[in-house]
Amino acid sequence: MVYTDGCPVLNDIEWRDNCQFPVIRKGETPSDWMKRIWDQLMNYRKNNCLFVSHKRYMVARKILYLWEGDLGSAFEVNIAICYSCDQLVYSNIGCKYGICHFMDKHWSTNCTGNAYCDISFRDYIEFKNKLKSGLTNSFDEKQAIRRYELWMQNAIRRVKRAREIDRKIRAVKVIQEKWLEYFYRPDGLCASELALHYQLLWTVREEMRQINNV
Ligand SMILES: [Zn+2]
Ligand SMILES: [Zn+2]
């Protein structure tokens, strides 16, 4: 499988909208902002008309005027809309070098969706192996691996928490233990174990879905 984020070809209006989506207007709260752009944003998302940087979340920007008569520049603030859980994410850590660490943190801890993880376990193993053997150096694949791992962290936390708050999930403990065991040494897996691992991941995913629907 070749994995790429692609680069949509945008017309002038789409380009302009992509630049304007992130901007929180004067007097607007982040929720106002989200409400205002939501329908159009989802439309653009569906039609693959978003900048790659806006593909999985939208980091808000605020216009700052640095001097009198300044036309204003839009600076990123630590607020984003996550398209996996459709929630506003607030943070006190920021973005550096084009990577939004606060979205990483959100995805690995409290995102209740899983759309950000868009490769299967099979792909994950495949990409890992390709990277290890030097067959690829794809940035997109590396990012996909990273998001898969964030999702796994989140899933483990969720299973743990579900157990803590005593939700009635069958065999959660067994799954969790086995899963952790496999997670930390996926290299030594034989075919039947891989199949089991794969199954466990889906079980956990299914459980997450159920927990989220409670
Ligand atoms: Zn950023
Ligand atoms: Zn989220």
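Reader: What geometry does the site of the zinc ion (ligand 2) have?

Author: In this predicted model, the site of the zinc ion (ligand 2) is tetrahedral, with angles of 103 to 114 degrees among its four donor atoms. Four donors count as tetrahedral if all angles lie between 85 and 135 degrees. The ideal angle at a metal is 109.5 degrees for four tetrahedral donors.

Reader: Ok, and which residues are the protein donors?

Author: They are Cys82 (SG), Cys85 (SG), His106 (NE2) and Cys111 (SG), and they lie 2.1 to 2.3 Å from the zinc ion (ligand 2). Donors here are N, O and S atoms within 2.8 Å of the metal (3.2 Å for Na, K and Ca), and water is not among the atoms, so sites may look incomplete.

Reader: How are those donor residues spaced in sequence?

Author: The spacing for the zinc ion (ligand 2) is C-x2-C-x20-H-x4-C.

Reader: Is Cys82 buried or exposed?

Author: Cys82 is buried, with a relative accessible area of 0%, where buried means under 20% relative accessible area, exposed over 50%, and partly exposed in between (1.4 Å probe, protein chains only).

Reader: Switching topic, how many helices and strands are in the chain?

Author: The chain has seven helices and six strands, and along the sequence they follow the pattern α-β-α-β-β-β-β-β-α-α-α-α-α. Helices (H or I, at least four residues) and strands (E, at least two) are DSSP runs, numbered from the N terminus.

Reader: In what order do the strands of the open sheet come?

Author: Four strands form the open sheet in the order 1-2-3-4, and the pairing is mixed. The edge strands are strand 1 (23-24) and strand 4, each of which pairs on one side only. Two strands pair if DSSP finds at least two bridges between them.

Reader: How many bridges join strand 2 to strand 3?

Author: Seven bridges join strand 2 (residues 57-64) to strand 3 (residues 73-82), and these two run antiparallel.

Reader: One more residue: where is Arg157, and what does it touch?

Author: Arg157 sits in helix 5 (residues 139-164) and is partly exposed, with a relative accessible area of 42%. Leaving out residues up to four places away in sequence, Arg157 touches Ser108 and Thr109, where contact means heavy atoms within 4.5 Å. The C-alpha atoms of Arg157 and Asn110 are separated by 8.8 Å, although these residues are 47 residues apart along the chain.

Reader: What should I know about the numbering and the model?

Author: Residues are numbered from 1 along each chain as its sequence is written, while chains are lettered from A and ligands numbered from 1 in the order in which they are written. In this predicted model local features need pLDDT of at least 70, side-chain atom pairs count only at pLDDT 80 or more, and totals for chains, interfaces and linings use all residues, while side-chain values use heavy atoms, with hydrogens and water left out.

How values were computed: Tetrahedral: all angles 85-135°; square planar, octahedral: opposite > 155°, others 65-115°.
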